Amino acid sequence: MGNLPRSRGDFAHEKDSVLRILMVDDEPRLRQSYRALLGALCSEVVECADGRSAILALENNHFDVVLLDLKLPDMSGLDVLKWANQARQSVVVVVVSADTHIDSAIGALRGGACEFVRKPCDPEQFLRAVNNALHRSRLERRYARMRARLKQSERLHRFLVEQSPDLIYTLDEEGRFVFINSRLEALLGFTRDELVGQPYTLLVHEDDRERARYAFAERRTGYRASENIEIRLRCKNDGFRHFDNRFVVAMLSASGIYDKHEAASEQRFVGTYGVARDITERKRAEEKISFQAFHDLLTQLPNRVLFRDRLDLAVTQAQRRNGLVGVMFLDLDRFKLVNDTYGHAEGDRLLKSFALRLKGCLRAGDTLSRLGGDEFTILLPDLAHAYDAAGVAEKIIEALQEPFKLGGQDFRATVSIGIAVYPRDGDSVEMLISNADLAMYEVKNRGKNGFSYYSAEMSEDHRERLSLEIDLRRAIENREFVLHYQPQICLQSQRLVGMEGLVRWQHPELGLLSPARFIELAEEVGLIHHISDWVLEEGCRQLALWHAAGHKDLRLALNLSARDFERKDLVERIAGAPAAFGIPASCVEVEITETLLLDDVEGVIETVHRLRETGVRVSIDDFGMRYSSLNYLRRFPVSSVKIDQSFVRDLGRDQGAESIIEAIVGIARGFGLHLIAEGVETGDQERMLRDLGCVEMQGYRFGRPAPADEALAAALQAV
């Protein structure tokens with residue numbers, strides 16, 4: 001049967017119809033964003049902030065598309081969907097929600113939503129979903145108008161059947177096809193002539209034939225008839241697709257057909273009527289949502305949820321068999337440097353390549369998971385011996401010897417691996433993962449690029465470290481820090497020229513703690529910026545007091561952490577502190593280590609240039625301890641260098657120390673740099689340094705680090 005002719009009035013009605021969209025979301029900014037994105041897509045947009053308002057709007061108005069959030073203040077979006085189905089509302093629903101539960105997404109699709117879009121959504125994805133929904137709404141409106149016009153006509157009725165997107169069929173009492181609509185050919189590849197007279201089993205997957213008896217050869221009618229039965233239908237090329245006979249006109253119906261004669265008291269069964277709707281795309285959507293719920297989208301590896309589930313199963317099986325289970329926690333070393341240097345796209349490419357390398361080192365039954373960022377876990381079920389996990393770790397480290405290609409260059413990745421073994425290192429999922437994580441951090445602390453088994457001492461160290469972290473956060477809030485100062489003396493002029501500010505933590509229970517006890521922890525947990533800000537402020541405040549007391553030429557040296565150079569506002573904060581206390585910027589000197597120069601040379605060079613432009617002095621601390629000193633010194637606009645105390649300590653005992661210091665003095669003069677030696681403790685050291693050409697010094701010889709007043713008094717007495 002061909003397409004039915006249409007009048008001019010039909011076309012005019014469609015062209016002039018008003019497209020209306022209902023937005024249901026309790027966030028005004030999101031509704032405003034949606035309205036801006038929709039633009040010229042529709043004629044009218046109505047907003048609702050809760051479910052009751054949405055239902056009221058749907059009761060009193062017609063909408064072509066509803067954009068529905070699942071989490072509303074008064075009810076779930078699924079409840080709105082349920083009401084719309086019960087009220088037989090002919091509206092197309094697109095769910096736009098941040099709900100990450102897989103059941104919510106699948107429930108929305110099964111509840112009648114045509115699409116499910118996750119927040120935050122890509123604008124193109126959002127517009128594509130709305131466009132599809134509007135298109136579907138137009139088609140459904142056309143279909144509904146046509147059905148109403150042709151309702152009384154047998155010819156028009158057959159037209160609807162033939163043009164239906166669903167497969168519509170009738171069977172005789174023996175289960176053979178009597179009628180099947182033209183959707184058959186497009187859907188399955190068979191012609192009508194090939195199936196009429198053939199049994200329905202010709203179309204059904206052999207594994208589904210028992211279930212198909214209730215859908216294809218149904219004899220019951222009414223509420224007892226088959227509904228919502230999912231089966232697989234066979235295509236002509238022997239492929240299989242998913243179908244479901246749920247959505248036909250009203251709800252799914254597959255029921256018996258009976259011939260009732262007036263003279264007969266009973267009805268005679270003559271066959272079955274049914275429909276099947278193709279749900280292949282919906283099944284793919286459900287599978288995709290299910291996959292995303294349990295897998296990492298970048299690497300396609302199992303995520304934390306699936307890994308924990310498999311680990312729990314492996315532990316349960318090991319308990320029954322008295323077996324061993326290994327858990328490995330892996331962290332890709334220096335990954336942040338990769339992102340900062342090559343960009344996040346190259347970083348993602350490295351993670352995917354790294355995951356492939358790891359897979360090649362594992363057995364078929366092992367599970368590799370990405371927890372997030374550069375952290376991975378490996379499940380090793382059914383270990384014969386605990387030391388077998390070490391063999392896997394060694395294999396992984398060996399596999400990483402071959403460099404990766406990043407930005408067209410070779411990059412050699414290393415990894416830190418922690419290992420925990422059930423039942424020795426824990427009998428629960430949480431404990432095994434946590435202990436493997438602790439073992440991994442032990443490797444990090446030892447210098448990275450290796451593996452370590454968990455030991456009980458690690459937990460004790462972790463508890464102490466966690467307790468100290470809690471105390472450190474309180475110390476920052478309560479300002480429990482103090483600055484001690486160590487004088488810097490010029491022997492040539494016999495006067496005090498500077499003070500180095502050294503932070504201490506006045507712990508309420510442990511007493512006065514040196515930086516060695518807490519600075520590394522502060523850097524690791526991201527608290528060092530707060531401490532640096534306090535040191536800068538307190539040091540400048542004290543320097544202003546000394547200047548006011550007459551020590552106008554006194555300068556202040558402060559140490560900076562390498563983590564401080566990650567701050568975009570570092571230069572402004574350092575330059576702003578002396579300005580706030582009315583002291584010259586040239587009286588403040590920040591000390592950086594040579595190690596910092598090796599981490600991000602170009603970035604540090606730029607920051608140092610900007611600091612020097614403000615007038616702040618910059619000194620290289622522990623000079624001479626790294627091979628890079630001469631290589632980079634000419635590129636850094638530093639004002640001074642400090643001779644490391646290890647060279648000073650060896651004066652008189654090691655001839656090499658004297659030669660090194662003599663060389664450093666020559667380098668400083670050649671570059672026109674200020675020079676100071678630290679760690680001077682004896683008169684012999686003082687004399688030898690003076691003879692070598694170094695006249696500015698600091699150390700116990702001239703005063704130990706002490707509170708401001710004590711340090712000043714000791715320094716004045718020393719000169």
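Trainee: Where does Ser452 sit in the chain?

Mentor: Ser452 is found in strand β18, which covers residues 450–453, and please keep in mind that this is a predicted model.

Trainee: Okay, and is Ser452 buried or exposed?

Mentor: Ser452 counts as buried, because its relative accessibility is 7% and the cut-off for buried is under 20%.

Trainee: Which residues does Ser452 touch, leaving aside those up to four places away in sequence?

Mentor: With those set aside, Ser452 touches Ile417, Gly418, Ile419, Ala439, Glu442, Val443, Arg446 and Met458.

Trainee: How much of the whole chain counts as buried?

Mentor: Of its 719 residues, 48% count as buried, and the secondary structure of the chain comes to 27 helices and 27 strands. If you look at contacts between residues at least 6 apart in sequence, 62% of them join residues at least 24 apart.

Trainee: Can you show me one such pair of residues?

Mentor: I can give you a pair by its C-alpha atoms: Ile21 and Val46 are 25 residues apart along the chain, and their C-alpha atoms are separated by 6.2 Å. Ile21 belongs to strand β1, residues 20–24, and it counts as buried, because its relative accessibility is 0%.

Trainee: Switching to helices, how do α5 and α11 pack?

Mentor: Helix α5 (residues 102–110) and helix α11 (residues 280–294) have axes 9 Å apart and pack at an angle of about 170°, so the two are roughly antiparallel to each other. On the α5 side the contact is made by Ile102, Ala105, Ile106, Leu109 and Arg110, while α11 brings Arg282, Ala285, Glu286, Ile289, Ser290 and Ala293. Sorted by class, that contact has seven nonpolar, one polar and three charged residues.

Trainee: And how are α13 and α14 oriented to each other?

Mentor: They are oblique to each other, since the axes of α13 (residues 335–342) and α14 (residues 344–359) cross at roughly 140° and only angles over 145 degrees count as roughly antiparallel. The axes come within 7 Å, and Phe335, Val338, Asn339 and Tyr342 in α13 meet His344, Glu346, Gly347, Leu350 and Leu351 in α14. By class, this contact has five nonpolar, three polar and one charged residues.

Trainee: How many cavities of 30 Å³ or more are there in the whole structure?

Mentor: The search finds two of them, and the second largest cavity holds about 40 Å³ of space. Its lining consists of Leu58, Val66, Leu68, Val80, Leu81, Ala84, Val91 and Val93, which divide into eight nonpolar, no polar and no charged residues.

Trainee: Which element gives the most to the lining of that second largest cavity?

Mentor: Helix α4 does, with three residues, and both β3 (65–68) and α4 (77–86) supply at least two each.

Trainee: What is the phi of Asn322, then?

Mentor: Phi of Asn322 is near 55°, a positive value in a residue other than glycine. Asn322 sits in the loop between α12 and β12, and it counts as exposed because its relative accessibility is 72%.

How values were computed
Residues are numbered from 1 along each chain as its sequence is written. This is a predicted model: local features need pLDDT of at least 70, side-chain atom pairs count only at pLDDT 80 or more; totals for chains, interfaces and linings use all residues. Side-chain values use heavy atoms; hydrogens and water are left out. Axes are lines fitted to C-alpha atoms, for helices over the stretch in contact, and angles run from 0 to 180 degrees between N-to-C directions. Helices (H or I, at least four residues) and strands (E, at least two) are DSSP runs, numbered from the N terminus. Angles under 35 degrees count as roughly parallel, over 145 as roughly antiparallel, 65 to 115 as roughly perpendicular and the rest as oblique. Contact means heavy atoms within 4.5 Å. Ala, Val, Leu, Ile, Met, Phe, Trp, Tyr, Cys and Pro count as nonpolar, Asp, Glu, Lys and Arg as charged, and the others, Gly among them, as polar. Buried means under 20% relative accessible area, exposed over 50%, partly exposed in between (1.4 Å probe, protein chains only). On a 1 Å grid over the protein atoms alone, a cavity is a set of points where a 1.4 Å probe fits but cannot get out, and a pocket is an open set with protein on both sides within 12 Å along at least five of seven lines; lining residues have an atom within 4 Å of a point. Grid points are joined across faces, edges and corners, and a volume is the space filled by probe spheres set on the points.
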